[in-house]
Amino acid sequence: MAVLRNGKAVLMCHRHPDREWVPDVWDFPGGHVEPGEIVEDALVRELHEELGIVIAAPGRPPDEVMTFDGDSVRLSIWFVDYSGPFENRCPDEHDDVRWMSTEAARSLNLADAEYVALIERATSSLG
């Protein structure tokens, strides 16, 4: 999963209300790792499939790791500086995609309450 940041804003996707898993919440782009795929390559593939974004595979460990449902879901999260174009290539998955400030994210129905702190860490670590 990528926390794409542009200054003090991060790119978030609203999960379509018809989604079977975690519907109608704001989330970060990224997705599942395919069999035989490494996590870094999955990040690159998912960002291109979902948003048309082209990035290089991270050459470092993730900035954060979050687990859900015990250990059944593990998210590797990279903070990625990005200011280029994007498009919603998966409107059946996300019905809205936009840049959000930390303040704006506080008022959203987020996929996880920890996302506000994650956004704060991502935007405060800008060098």
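Q: How many bridges join strand β1 to β2, and do the strands run parallel or antiparallel?
A: General idea: strands (E, at least two residues) and helices (H or I, at least four) are DSSP runs numbered from the N terminus, and two strands pair if DSSP finds at least two bridges between them. Here β1 (residues 2-6) and β2 are antiparallel and joined by two bridges. Across from Arg5 you'll find Val10 in β2. The hairpin of β1 and β2 has two residues between the strands, and Gly7 takes a positive phi near 65 degrees there.

Q: What should I keep in mind about the model itself?
A: It's a predicted model, so to speak of a local feature we need pLDDT of at least 70, and side-chain atom pairs count only at pLDDT 80 or more, while totals for chains, interfaces and linings use all residues. Residues are numbered from 1 along each chain as its sequence is written, and side-chain values use heavy atoms, with hydrogens and water left out.

Q: Which other strands pair with β2, and over how many bridges?
A: β6 pairs with β2 over seven bridges, in the antiparallel sense. β3 is also antiparallel to β2, over two bridges.

Q: How many residues of β2 are buried?
A: Buried means under 20% relative accessible area, exposed means over 50%, and partly exposed is in between (1.4 Å probe, protein chains only). In β2 (residues 9-15), seven of the seven residues are buried, so the strand is largely enclosed by the rest of the structure. As background, side chains in a regular strand alternate between the two faces of the sheet. In β2 both faces are covered: Val10, Met12 and His14 are buried on one side, and Ala9, Leu11, Cys13 and Arg15 on the other.

Q: Which residues have the most contacts inside the largest nonpolar core?
A: In soluble globular proteins, nonpolar side chains tend to be buried together. A nonpolar core is a set of buried Ala, Val, Leu, Ile, Met, Phe, Trp, Tyr and Cys residues joined through side-chain atoms within 4.5 Å. The largest one has 17 residues, and Val3, Met12, Phe28, Ile77, Tyr115 and Leu118 have the most contacts inside it. At least two of its residues come from each of β2, β5 and α3, with α3 giving the most, five residues. Apart from this core lies another, of 13 residues, including Cys13, Trp78, Val80 and Tyr82.

Q: Which residues of α3 are buried?
A: Tyr115, Val116, Leu118, Ile119, Ala122 and Thr123. To see how they're arranged, take the arc of the directions from the helix axis to the C-beta atoms. They span only 160 degrees of arc around the axis, which puts them on the same side of α3.

Q: How many aromatic pairs does the structure hold?
A: Rings of Phe, Tyr and Trp (its six-membered ring) pair if their centres lie within 6.5 Å; planes under 30 degrees apart count as stacked, over 60 as edge-to-face and the rest as tilted. The structure holds two such pairs. Phe28 and Tyr115 make a tilted one, at 4.8 Å centre to centre and 55 degrees between the planes. Phe28 lies in the loop between β3 (26-27) and α1 (39-51) and Tyr115 in helix α3 (residues 115-124), so this pair ties together parts that are 87 residues apart in sequence. Both Phe28 and Tyr115 are buried.

Q: And which residues form the edge-to-face pair?
A: Phe86 and Trp99, at 6.2 Å centre to centre and 80 degrees between the planes. Phe86 sits in the loop between β5 (73-81) and β6 (94-101), with Trp99 in strand β6, so the pair ties together parts that are 13 residues apart in sequence. Phe86 is partly exposed at 29% relative accessible area, and Trp99 is partly exposed too, at 27%.

Q: How many disulfides are there?
A: A disulfide is a pair of cysteine sulfur atoms within 2.5 Å. The structure holds zero of them. For Cys13, the nearest cysteine sulfur is that of Cys90, 9.1 Å away. Cys13 is buried at 0% relative accessible area, and Cys90 is buried at 11%.
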